[in-house]
Amino acid sequence: QVRPVESGGGLVQAGGSLRLSCVASGRTFGSYAMGWFRQAPGKEREFVASASPNGGRAYYVDSVKGRFTISRDNAENTVYLQMISLKPEDTAAYYCAVCVIGRCTVPYQNKGTYDYWGQGTQVTVSA
């Protein structure tokens, strides 16, 4: 069983920065594709960013390109989402997701193919 746990959310003013972290259990973390998704009230959960198992490739939704960076430390079983120049429209609960079984294909943006999800961490950006 893989249990991803997110942290790092909070309240920030527009233009500010936050770094989210996600620690996922499992002895083969380096074989997992990892993704970040977000869900605002009344909206569907949407893809934000993903990283290939070795971290060599990263993918982003257009709205965060140039502002968000996904990275991973496989030795620490951790994936990060560095967010800068935050906007009020980035306000959402952010979820870390793990693709273990190998159904995920690049760019790993299909939430239906992820196997495990964290409980989410809230990011609120004030105007």
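**View 1. The charged end of R45 over the ring of W117.** In this predicted model, the charged end of R45 sits over the W117 ring, 5.0 Å from its centre. R45 also lies over the face of Y95, here at 3.6 Å from the ring centre. A charge counts as over a ring if NZ of Lys or CZ of Arg is within 6 Å of the ring centre and within 35 degrees of the ring normal.

**View 2. A cluster of rings that includes W117.** Here we meet W117 again: ring pairs link it with F37, F47 and Y114 into a cluster. Rings of Phe, Tyr and Trp (its six-membered ring) pair if their centres lie within 6.5 Å; planes under 30 degrees apart are stacked, over 60 edge-to-face, and the rest tilted.

**View 3. The pair F29 and Y32.** The structure holds 6 aromatic pairs. In this one, the ring centres of F29 and Y32 are 6.0 Å apart and the planes stand at 70°, so the pair is edge-to-face. Both residues, F29 and Y32, are buried (under 20% relative accessible area; exposed is over 50%, partly exposed in between; 1.4 Å probe, protein chains only).

**View 4. The pair Y59 and Y108.** This aromatic pair is edge-to-face too, with 5.9 Å from centre to centre and 75° between the planes. Y59 belongs to strand β6 (residues 58-60) and Y108 to the loop between β9 (92-99) and β10 (116-117), so the pair ties together parts 49 residues apart in sequence. Strands (E, at least two residues) are DSSP runs, numbered from the N terminus. Y59 is buried at 19% relative accessible area, and Y108 is buried at 11%.

**Notes.** Residues are numbered from 1 along each chain as its sequence is written, and side-chain values use heavy atoms, without hydrogens and water. As the model is predicted, local features need pLDDT of at least 70 and side-chain atom pairs count only at pLDDT 80 or more, while totals for chains, interfaces and linings use all residues.

Conventions
Helices (H or I, at least four residues) and strands (E, at least two) are DSSP runs, numbered from the N terminus.
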